[in-house]
Amino acid sequence: MTRVNLTRTTKHASPNPKKTRTFESLEHSTTSIHRSIKTLDYTSILSNFETLMKTISSSKTKSIIDAHGGLPRFFIKVLVKLEDFVGLRKKDKVAFKKLSPSQGRSLNRLGLVLGKQRKVYGKLMKELRDGGVSSEE
C-alpha cells in the first residue's frame with residue numbers, strides 16, 4: 001500500500017484566502033439574486049438576499065471588509081437594484097394579485113427587509129444613485 005502525502009506544501013496558497021472566499025461568497029449571492037430577478041422568483045430572491053445579509057453581517061466578514069476598503073460596490077448595486085425592482089413590482093397591483101400566496105408573501109417580506117436595510121445602507125445607496133456608475137462590476 002502506497003502512502004499519499006496530502007500536505008499543503010503541494011498547493012500554493014493564495015495571498016489572502018479569507019478575503020477571496022468572503023468576496024466569492026458575496027458575489028455568488030448577488031449573482032443568484034440577479035438570476036432570480038430575471039425569472040421573477042421572489043421566494044428565491046428573498047432566500048438569497050437573507051443569505052447575503054447574513055454573510056455581510058457576520059463579524060468575520062465585517063472585519064475582512066473593513067480591512068480591504070469597505071463594502072464592495074456590487075453589494076450596494078444589488079441593494080439599489082432590489083429596491084427599484086420591489087417598488088416596481090409592488091406598484092403593479094394586477095400582477096401582484098395573480099401571484100401565488102408564497103410568492104406574494106416573499107415579495108412583501110422582501111420589501112420590509114429592504115426597508116430595514118435602507119436605514120443602514122441608505123447613505124451609500126443614495127451616493128450610488130446620485131453619482132451613477134460608469135462601469136459594471
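Me: How do the axes of α4 and α6 cross?

Reply: This is a predicted model, where local features need pLDDT of at least 70, side-chain atom pairs count only at pLDDT 80 or more, and totals for chains, interfaces and linings use all residues. Residues are numbered from 1 along each chain as its sequence is written, and side-chain values use heavy atoms, with hydrogens and water left out. Helices are DSSP runs (H or I, at least four residues), numbered from the N terminus. Axes are lines fitted to C-alpha atoms over the stretch in contact, with angles from 0 to 180 degrees between N-to-C directions. Here the axes of α4 and α6 come within 9 Å and cross at roughly 130°. The two helices are therefore oblique to each other (under 35 degrees is roughly parallel, over 145 roughly antiparallel, 65 to 115 roughly perpendicular, the rest oblique).

Me: How is an aromatic pair described?

Reply: By the distance of the ring centres and the angle of the planes. Rings of Phe, Tyr and Trp (its six-membered ring) pair if their centres lie within 6.5 Å; planes under 30 degrees apart are stacked, over 60 edge-to-face, the rest tilted. The structure holds two such pairs. Tyrosine 42 and phenylalanine 85 are tilted, at 6.0 Å centre to centre and 35° between the planes. Phenylalanine 75 and tyrosine 121 are edge-to-face, at 5.2 Å and 80°.

Me: Why does the pair of phenylalanine 75 and tyrosine 121 tie together parts that are 46 residues apart in sequence?

Reply: Because phenylalanine 75 lies in helix α4 and tyrosine 121 in helix α6 (residues 101–131).
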